[in-house]
Amino acid sequence: MQIPFFDYKQQLKPLKPEINKVINSVLDSGQLILGNEVRKFENNFAKFINTKYGIGVNSGTDAIKIAMVALDIKNGDEVITVANTAIPTISAIREIGAMPKFVDIKNDFTIDENKIEKVITKKTRVILSVHLYGQPCNMSVIIKIAKKHNLKILEDCAQSHGAQLKNKKVGSFGDISCFSFYPTKNLGAYGDAGIILTSNKKLFDKCKMLRTYGMKNTYYSHIEGYNSRMDEIQAGILNIKLKHLKKWNNNRRQIAEYYLNNIKNSKIILPKIKDINNHIFHLFVVRTNQRKKFTKYLLKHKIRYGIHYQFPIHLQTAYKFLNYKKGNLPITEKFSKQIVSLPIFPELTKTEIQYIVNTINNF
Ligand SMILES: Cc1ncc(COP(=O)(O)O)c(C=O)c1O
């Protein structure tokens, strides 16, 4: 048995006729950029998360950058976030010259909300909460802290399409939120795409201008902007795939539940799940003190794995100038040496899941 870590082709197979149809219809429409499919997807996705507005952009990274510019974050302003995230969370902050201020994580892999206030300074403008692996951060506490210190909240939901807290989806808690539709995501395009969501009309208007050179309708820039548009073909594909997202998230949840109940090996530490119904399991991340041996063993048994993320961002060469040192974020650093992401995608079969569990239990 060969188990891939991610395989978009299995999911594509049954959808292909519908997807081919939408691609052809876009090509025949005469409108390739910012047309009906993008508008439809912006509305559909905003409705799914329950915000008033959506702005389709080129990627999740651009979504974060544009959302921060819309929030008026400027060169030298400080953004509170985590170092256990995908690099783009940080590169988006740096693109506008803002400074990431890292907070350590808890054993559920999300930001330790009790350590946020310690890093707030006069320059802090925003808390950028990353709902990592598909598990929501503790938003009620984060909202309280933001209110107390007059900070904005930007949610990085690149890994949490449909994750929720008390029936409210992440992406609807902050002032503004950002999603990625990179192909591996729970809702993935067949290329790059992202979206910004907000219920604030001013932010919506500003983001819309920012994604097209700061223009409204004519070739006139009201503010300095960018080129970051979601294209019609990707939007058409996402409109089709969005209809299946709930089912796919449920499939992932069932696989996670099976892993949680059946992986029994003292060398493998299962992830801490706050509420399985709120989590959408973009990744299922276990920990082990024998990672090298374990990953070699997985490969020997033809099970592909991932590591998200092996190198904490505050210790990477590119970010040396931020002046963080080994030991500054002890849990982030410890976990980065232990974590292994197991295969979890909706099309995994029962036989494959059982094989993965049995293999792990025999390690
Ligand atoms: C947590 C997180 N933030 C941001 C991004 C950036 O998204 P994109 O790859 O669409 O630019 C990703 C995905 O790569 C991500 O996982």
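In strand 11 (residues 339-342), I339 and S341 point one way while V340 and L342 point the other, and all are buried, buried here being under 20% relative accessible area with a 1.4 Å probe and protein chains only. Strand 11 pairs with strand 10 (residues 284-287) in the antiparallel sense over four bridges, and V285 sits opposite S341. Strands pair when DSSP finds at least two bridges between them; strands (E, at least two residues) and helices (H or I, at least four) are DSSP runs numbered from the N terminus.

This is a predicted model, with pLDDT of at least 70 needed for local features and 80 or more for side-chain atom pairs, while totals for chains, interfaces and linings use all residues. Residues are numbered from 1 along each chain as its sequence is written, and side-chain values use heavy atoms, leaving out hydrogens and water.

Now to the whole chain. It holds 11 helices and 11 strands. Its radius of gyration, taken over C-alpha atoms, is 20 Å, close to the 21 Å that the globule rule (2.2 Å times the number of residues to the power 0.38) gives for 363 residues, so the chain is as compact as a globular protein of that length. Buried residues make up 56% of the 363.

Elsewhere, seven strands form an open sheet in the order 1-9-8-5-4-2-3, with mixed pairing. Strand 1 (53-57) and strand 3 (99-102) stand at the edges with a single partner strand each, so one side of each has no neighbour in the sheet. Strand 2 (residues 78-81) and strand 4 (residues 124-130) pair in the parallel sense over three bridges, with V126 as the bridge partner of V79. Helix 2 (residues 36-49) packs on this sheet, touching strand 1, strand 8 (176-180) and strand 9 (194-198).

As for nonpolar cores, these are sets of buried Ala, Val, Leu, Ile, Met, Phe, Trp, Tyr and Cys residues joined through side-chain atoms within 4.5 Å. The largest has 83 residues, of which F41, F45, I116, L154, F181 and I196 touch the most other members. Helix 3 (residues 60-70) gives the most to this core, with seven residues. Leaving aside neighbours within four places in sequence, F45 is in contact (heavy atoms within 4.5 Å) with H161, F179, F181, L187, I195, L197 and L242.

Methods
Axes are lines fitted to C-alpha atoms, for helices over the stretch in contact, and angles run from 0 to 180 degrees between N-to-C directions. Buried means under 20% relative accessible area, exposed over 50%, partly exposed in between (1.4 Å probe, protein chains only).
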